[in-house]
Amino acid sequence: IISDKNGFEELLESLNKKSFFSFDTETTSLDYIDAELVGISFSTEPFNAFYIPINHEDSSRNIKATPDFFKKLKNLLENKKNTIIGQNIKYDVNVLHKYNINIASNVEDTMVLSYVYNSSGRHNLSTLSQKYLNHKVIEYEDVVGKGVKQKNFSEIDVETAAEYACEDADITYRLYDYFNDKMNSSDKQKKLYDTVEKPLIGVLARIENNGVLIDKKNLQSQNKHLKAKALKVEKDVYKLSGKVFNIGSTKQLQEVFYDILKLPILKKTPKGKPSTNEDVLQELSLDHKIPKLILQYRNLMKLINTYTNRLGEQINPKTGRLHTSYHQAVTITGRLSSTDPNLQNIPIRTEDGKKIRSAFIAEKNCKIVSADYSQIELRVMAHLSKDKNLTKSFLRNEDVHESTAKEIFELKTKPSDDQRRAAKTINFGLIYGISSYGLAKQLHIDNNAAKEYIETYFQKYNGIKKFMEKSKILTKKNGYIETMLGRKIFVPNINHTNFQIRSAAERTAINAPIQGTAADIIKIAMINIHKRINSEKYNSKMILQIHDELLFECPEDEVHKFGEMVQHEMETAVSLAVPLKVDWNYGTNWYEAH
């Protein structure tokens, strides 16, 4: 425990000399915007660590957090010669940002290293420690307690806090040693970590800190409108069923559907009750009005409960903005996910869903700029499969779904809307390993017709067929499949004896390299755009990433120059056998810009 100036000076000297140490912050909150520092810990070798208490209630042990102390800490952490290892260091980067300390340029992250090494499973410190070091760590809740009795970390006595914090720093140091050793034997994974995942940490920290402006009044009026709409749907359901019941209750819904209305039972729950899940409702809604209304009601309630009711409450009072958290180490394919709130699955299929985007606005004299990859997964499929017909369509800049429809239905003229829709469903469905049964359901055609469509498709696009077979064989042999940039995606059930489990794993083997490569491409684009924002002193800010789309807040006088720069960086992020295409637009809000 370092509680005085001399001890701190000595520690600084030794850290600068080693120039390679792990670092961790202890704070008052898990929310990086609200978090204040309580203490910091360092480790420079296994089984040895230091804790500096800064803001414990037992102030007798705190070091004096003077401007001079923070200046010295800043010099240590911003020194480019020093390498700072953290576990989920993005959180620490964001917390220190408030203290005017910017460490994003020379960091290593054991959580991200673990994720690149093997993306499956959890990547939190306690899991990694147990899995790779065979050591059980002190859990956070062991220190602060649980639920209503949970204490703030600043209330914890310094001895207890130091033991917990020092262990964190020590384990992080040892995990770095472990992964660094493993990674050096795999050039592709090391390169992916060094050139994509590691530089992305600072980019994501900046996006999270930037936050996005939300128009509360707009949300309130949408909320009112959606509630009125839901009420009307509810009344229609009662009218048709001749009974008032709780639409949200599965049990009551089952009674109305199967006992009163005698609808056909398509599927049963694990407990043997007739199912009312979304797939069943979709199918029933083709012939019956009530299931269609129930689906509408559920969609409206999701918009109300997840967005129009909640987003306004999640605006941070300090910044007046909404700050989502991006997670680099959750999905197995390399895609980012977001929470608090999750902004990556705002519905886009319905007009009501799209409208939610109109509440995402820009500051005065600024615009929202949206840049979106066009059909990136199909383009990646063309590149990876080397299929001649698909590649040709993209090289000629044709409407790829129209070209597919012409091939499948052997047309000389322009396909009908239904034919194009069928081709589009097959194009995207095959990326996700759609079966003839699944296709039949989506297109509302019989099984044999769907089977024929798929067979014809594979005759015309035999490169895709070969790619899919090869992906399955490779995964069965190795236990994993790789993206274009060498990201390993492990598929544990690929040789499972159960047909359904094995089939799901085979679909993952086909989809993962495509989705994973697309995810890697947008990450590279984000890194390059971030660099240019800094080096060319743009006043624009990256504010959101939604899978294939990037969102920016941009001063009006910068919009055109900036939009063209973003388009260029996204289209040239990697070189494929077909061109990457990006559409960009701007408006006063996200809805207008999309």
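Predicted model: local features only at pLDDT ≥ 70, side-chain atom pairs only at ≥ 80, totals over all residues.
**Surface and overall build**

I started with the accessible surface of the protein, which comes to about 28300 Å². Carbon and sulfur atoms hold 48% of that area. These areas are Shrake-Rupley values with a 1.4 Å probe, and for residues only the protein chains shown count as cover.

Numbering runs from 1 along each chain as its sequence is written, and side-chain values use heavy atoms, with hydrogens and water left out.

Next I looked up the dimensions. The C-alpha atoms fill a box of roughly 80 × 60 × 60 Å along the principal axes.

Of the 594 residues, 52% count as buried. The cut-offs I use are under 20% relative accessible area for buried, over 50% for exposed, and partly exposed in between, with a 1.4 Å probe and protein chains only.

I checked how far the contacts reach (heavy atoms within 4.5 Å). Among contacts with a separation of 6 or more, 65% come from residues 24 or more positions apart.

Secondary structure: I get 23 helices and 15 strands. Both are DSSP runs numbered from the N terminus, helices being H or I with at least four residues and strands E with at least two.

Charges: there are 85 positive and 76 negative side chains, and the centres of the two sets lie 6 Å apart. Lys and Arg count as positive, Asp and Glu as negative, while His and the chain ends are not counted. Each charge is placed at NZ of Lys, CZ of Arg, CG of Asp or CD of Glu.

**Aromatic pairs**

I searched the whole structure and got 25 aromatic pairs. Rings of Phe, Tyr and Trp (its six-membered ring) pair if their centres lie within 6.5 Å; planes under 30 degrees apart are stacked, over 60 edge-to-face, and the rest tilted.

I picked Phe 20 and Tyr 173, whose ring centres are 6.4 Å apart with planes at 85°, so this pair is edge-to-face. Phe 20 sits in strand S1 (residues 20–27) and Tyr 173 in helix H7 (residues 158–183), so the pair ties together parts 153 residues apart in sequence. Phe 20 is partly exposed at 26% relative accessible area, whereas Tyr 173 is buried at 10%.

Then I took Tyr 178 with Phe 179: centres 5.4 Å apart and planes at 85°, so this one is edge-to-face. Tyr 178 is partly exposed at 24%, but Phe 179 is buried at 0%.

I also noted a cluster in which ring pairs link Phe 8, Phe 69, Phe 70 and Tyr 99.

I found a cis peptide bond from Asp 340 to Pro 341, with omega near -5°. Pro 341 is in the loop between strand S8 (337–339) and helix H13 (351–355).

Asn 88 has a positive phi of about 55° although it is not a glycine. I placed Asn 88 in the loop between strand S4 (83–86) and helix H3 (89–97), and it is partly exposed at 29% relative accessible area.

Gln 375, not a glycine either, has a positive phi of about 50°. Its loop runs between strand S10 (366–373) and helix H14 (376–385), and Gln 375 counts as partly exposed at 23%.

Going on into H3, I see a mostly covered helix, with 8 of its 9 residues buried. Among them are Lys 90 and Asp 92.

Asp 170 is in helix H7 and is buried at 9% relative accessibility. Beyond neighbours within four places in sequence, I find Asp 170 in contact with Ser 43, Glu 45, Pro 46, Phe 47, Asn 48 and Ala 49.

Lys 188 is in helix H8 (residues 187–210) and is partly exposed at 47%. Leaving out neighbours within four places, Lys 188 is in contact with Glu 482, Leu 485 and Gly 486.
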